[in-house]
Amino acid sequence: MQGHVVPLKRDFFETNQSVESSGHFINMRQRIARLSLPPGDYIVVPCTWDLNEEAAFFLRFFFENRSSVE
C-alpha cells in the first residue's frame, strides 16, 4: 500500500475497516481462511498471543483466479 508508514499507527486501524479476522483471539499456531475479496489493496497483520513478543511468521496465499501480488 502506498502512502502508509510502517509500522502502522493506531489511527490507521481506527479509520480502516477489517475485512477478515480470526474471531476470538485464541492461542493457536495456525489460521486458515477461505475468502472472496474484491480487487484492491490489503494488509495482512500477523500478531502474537503476548503483547510486544517478537516472532517469525510463515504466510502462504493461494489464488484460484488471476491475481497479482506486489
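Buried means under 20% relative accessible area, exposed means over 50%, and partly exposed is what falls in between (1.4 Å probe, protein chains only). The model is predicted, so local features need pLDDT of at least 70 and side-chain atom pairs count only at pLDDT 80 or more, while totals for chains, interfaces and linings use all residues. Residues are numbered from 1 along each chain as its sequence is written, and side-chain values use heavy atoms, with hydrogens and water left out.

**View 1. Asn52, out in the open.** At 74% relative accessibility, Asn52 counts as exposed. Look for Asn52 in the segment after helix 1.

**View 2. The whole chain, for orientation.** The chain has 1 helix and 0 strands; helices (H or I, at least four residues) and strands (E, at least two) are DSSP runs, numbered from the N terminus. The accessible surface comes to about 7700 Å², and carbon and sulfur atoms hold 51% of that. These areas come from the Shrake-Rupley method with a 1.4 Å probe; for residues, only the protein chains shown count as cover.

**View 3. Thr48 and its surroundings.** Thr48 sits in the segment after helix 1 (10–15). With a relative accessible area of 19%, Thr48 is buried. A polar atom of the Thr48 side chain lies 2.7 Å from the backbone oxygen of Asp50, and the backbone oxygen of Glu53 is 3.4 Å from a polar atom of that side chain. Setting aside neighbours within four places in sequence, Thr48 is in contact (heavy atoms within 4.5 Å) with Phe25, Glu53, Ala55 and Phe57.

**View 4. The second largest pocket.** Rolling a probe the size of a water molecule over the atoms shows where empty space is left. On a 1 Å grid over the protein atoms alone, a pocket is an open set of points where a 1.4 Å probe fits, with protein on both sides within 12 Å along at least five of seven lines; lining residues have an atom within 4 Å of a point. The second largest pocket holds about 410 Å³ of space. It has 17 lining residues, and the closest to its centre are Pro7, Phe13, Val45, Pro46 and Cys47. The lining divides into 12 nonpolar, 2 polar and 3 charged residues.

**View 5. Phe13 up close.** Phe13 belongs to helix 1. Its relative accessible area is 44%, so Phe13 is partly exposed. Not counting residues up to four places away in sequence, Phe13 touches Leu8 and Val45.

**View 6. Ser22 and Ala33.** Ser22 is in the segment after helix 1 and is partly exposed, with a relative accessible area of 37%. Ser22 and Ala33 are 11 residues apart along the chain, with 8.5 Å between their C-alpha atoms.

Note on methods. Points joined across faces, edges and corners; volume = space filled by probe spheres on them. Nonpolar A, V, L, I, M, F, W, Y, C, P; charged D, E, K, R; others polar. Polar contact = N/O pair within 3.5 Å; in protein donor to acceptor, adjacent residues only side chain to side chain.
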